[in-house]
Amino acid sequence: MGKYAENRVMSGMSTSTHKGVHHASVQGGRVARRLKERYKFSKEIKQRTEEIQMERTGTSTRECQSVSVSGGEIGSPSGERMKRNTQNQITKRQESGKVSGISQKAADQRKNGVKTTQLREQRTIKHKIKTVKTGQKNTIKPTEKAVKQAQQTAQAAKRTTRKTAQGAKQSAKAVKKMAKSATKAVKTIIEATKAIIIALISFGWIAVLILIIVVLFGGLLCTTGGDNSNTVTPVSMEVQNYEPVIRKYAKQYGIEEYVELIKAIMMQESGGQGTDPMQSSEGSFNTKYPKKPNGITDPEYSIDCGVQEIKSCLVSAEVKSPMDMDNIKLALQGYNYGNGYIQWAQNYYGGYSLANAAEFSDKMAKEKGWESYGDKQYVPHVLRYYTIGRVPNGMGNQAIVQVALAQEGNGGDDYWSWYGFSSRVSWCACFVSWCAEQSGYLTSGVLPKFSLCSDGVKWFQDKGQFKDGSYVSAPGNIIFFDWGEDGTIDHVGIVESVSKGNVNTIEGNSGDRVKRHSYPIGDERIYGYGVY
């Protein structure tokens, strides 16, 4: 479009220029012809003047020659005759002189007339030349100016076209992004709506109310890209295509209300890919294929065995509903480790936690002589795709966050000395306690004063306010870390925000400074959260 506009403008300007030059050329030709005619006329006048002068000069010479040649003395007869002749000639000359005077006067008048005419013609010619030059100036310069303006206009049109194209490209990207977000939101809402219908049939209006909250929060946050926007990730199209088969066997084995949970498990296990999408080859319900990884080569048989395995875990973990998240976590880790983990965790810890999941993995790896055993983070990995398990828990507490952010970049002297230490210690817990005191939470008993991370965890656990690493936290929560994934709490900080699938924190004693960091939700290094 820009090139077309430029060509049209330049073509128009070129035509205008050629017309202007042609007009100037025609006018110049006319003036040149007039000058030529005037020059020819002037030449004829000059030639005629010269002829008149020559005629007048020629007569005087002949007369002088006649007198000189006649000769003779004065007083002789011949001299008398010569005298008379001379007198007669003089008389004639005088008469002729009169005539000549008249002729000379006329000639002078003609000469003056010629000069006047020449001057007048010269003035006319000069005026014409000036007119032509002025015409050329007035025609050519504006034409050149018009051409330059046309070029500038064409360039401006080209720039505008380029900017328009860029704007259109950016708009297309924005539309594509919005369409992608909208598609994601629609998928989330569809999945949640299915869960609502199942909950309505199985558990009544209370379950429906909770799931409506999930739909509102999940759909809105996916669309706007706000906090927790990536905490609910739709399953793949491959997994979605298996839903009829999943529903068939879920209904057959009496757990149809857990279809969404089964889909989340398949998403984590295979993404719906391969011939063993539920990765149930090594499970106890596989009796047809080799009990080795991907031993099953029939996807439907894989789903059949997998659904039976999930039901067994749900029963062992005493799961009461699709919203019984504490027991569902226990059942999920049992699906990954085997049913034996469920009994072990109940006997030793009363249920699931990230810490005991890591402990059991290390224990089994040692017993079997393997390098590793199962997925220590299996529960948070699956819950990324389980809509019901990702209900946002609120806006959190901003007061302690603002206090902590104001300390960014500081060293630890103020915090460990405030706590009561006379020399430097690992001061991450001292920093959290100092921020709690500045917010008024120590005096009110909302938060504890602690210098050991393990003491902080125990305080929250004793009050029933501790959540494991799969929890979707909120601003102000106290976040605890296990760097070695060995059940030892190594570090603590404050949750600043949760956005785009990440937990954003502010922590003391990070490189001996107060610094901000970010971790994926469910990161294996996150031990858990103290909530209040």
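Select Phe-481 together with His-491, its bridge partner in β3. This is a predicted model, in which local features need pLDDT of at least 70 and side-chain atom pairs count only at pLDDT 80 or more, while totals for chains, interfaces and linings use all residues. Residues are numbered from 1 along each chain as its sequence is written, and side-chain values use heavy atoms, without hydrogens and water.

Strands here are DSSP runs (E, at least two residues) numbered from the N terminus, and two of them pair if DSSP finds at least two bridges between them.

Now display the side chains of β2. Ile-478 and Phe-480 point one way, Ile-479 and Phe-481 the other, and all are buried (under 20% relative accessible area, 1.4 Å probe, protein chains only).

Return to Phe-481 and select Ile-526, its bridge partner in β6. Strand β6 (residues 526-530) pairs with β2 over 4 bridges, again in the antiparallel sense.

Finally, show the whole open sheet: its 6 strands follow the order β1-β6-β2-β3-β4-β5, with antiparallel pairing. At the edges stand β1 (466-468) and β5 (515-520), each with a single partner strand, so one side of each lacks a neighbour in the sheet.

How values were computed. Buried means under 20% relative accessible area, exposed over 50%, partly exposed in between (1.4 Å probe, protein chains only).
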